[in-house]
Amino acid sequence: MKSVTLPKSLKRICTQTFAWCTSLVSVVIPEGVTEIEYDAFDHCSNLTSVSIASSVTKIDNGVFFKCENLKSVYCYATKIPETEKYAFGSAPIYGDDFDVKSAILYVPASVINEYKTTEPWNKFGTILPIEDGTTRIDAASNVCNIRADGSVITVSGCRDGESVSVYSVSGQLIGATTIKNGSAVIKTNLQAGSVVIVKIGQKSVKLTLN
């Protein structure tokens with residue numbers, strides 16, 4: 001099991017639900033979930049990308065304990081969830097604490113300053129706004145975010161080594177690359193309004209250049 005998209009009927013992720021799922025690399029927590037309980041993703045050592053819905057109001061300690069490869073967290077809550085101090089790690093008493101200084105946190109632009117000054121969210125090394133126009137795709141190994149800025153397509157949040165290709169609607173290959181350090185950029189040299197197909201792994205999405 002490499003990725004998980006949970007049902008929209010779910011209200012709570014219980015204690016240790018996915019603990020020690022070492023093959024898990026991405027998870028999408030859907031709208032409707034309000035609480036993520038203790039150690040829900042404990043020791044998911046290959047987890048790299050997490051998407052947290054705006055409905056989440058509480059995140060307990062140890063939820064992402066020992067998720068040492070976590071690279072990107074997308075939190076859509078405009079009201080910061082009640083988050084315990086060690087939700088993204090363990091208490092120093094255990095002697096094997098890890099931090100999220102190398103991870104990127106994406107949050108709504110309207111509340112980015114609140115996240116930057118609230119523990120433990122302010123422990124992330126980089127905090128960036130979730131920009132309007134970003135398209136999300138649940139690829140085989142991650143939840144990837146795709147954005148078109150003019151003729152340039154940027155993909156972020158994916159696992160390193162994932163293949164990215166851009167095609168015209170007629171099927172002509174425009175550009176291809178692989179994810180490195182969690183992101184990739186493809187320059188298309190196309191005009192605004194052009195429609196392309198972005199393929200990540202075996203998943204694809206249609207995108208209009210702005």
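This is a predicted model: local features need pLDDT of at least 70, side-chain atom pairs count only at pLDDT 80 or more; totals for chains, interfaces and linings use all residues.
Residues are numbered from 1 along each chain as its sequence is written, and side-chain values use heavy atoms, with hydrogens and water left out.

Let me start with the overall division. The chain is split into domain 1, residues 1-130, and domain 2, residues 134-209, with bounds that come from an automatic or database domain assignment. Between the C-alpha centres of domain 1 and domain 2 there are 25 Å.

Now to the sheet. Strands here are DSSP runs (E, at least two residues), as helices are (H or I, at least four), numbered from the N terminus, and two strands pair if DSSP finds at least two bridges between them. Four strands, in the order β2-β4-β6-β8, form an open sheet with parallel pairing. Because β2 (12-13) and β8 (82-83) each have a single partner strand, they stand at the edges, and one side of each is left without a neighbour in the sheet. The pairing of β2 with β4 (residues 35-36) is parallel and runs over 2 bridges, and Ile-13 has Ile-36 as its bridge partner in β4.

Next, the cores. A nonpolar core is a set of buried Ala, Val, Leu, Ile, Met, Phe, Trp, Tyr and Cys residues joined through side-chain atoms within 4.5 Å, where buried means under 20% relative accessible area, exposed over 50%, and partly exposed in between, with a 1.4 Å probe and protein chains only. The largest such core has 37 residues, and Ile-29 and Phe-41 have the most contacts inside it. Elements giving two or more residues to this core include β3 (26-29), β5 (49-52) and α1 (112-116). Apart from it lies another core of 18 residues, among them Cys-144 and Ile-186.

Finally, which residues does Ala-176 contact beyond its neighbours within four places in sequence? They are Val-164, Ser-165 and Ile-186, contact meaning heavy atoms within 4.5 Å. Ala-176 sits in strand β15 (residues 173-178) and counts as exposed because its relative accessibility is 52%. Phe-64, in the loop between β6 (58-59) and β7 (72-75), counts as buried, because its relative accessibility is 1%.
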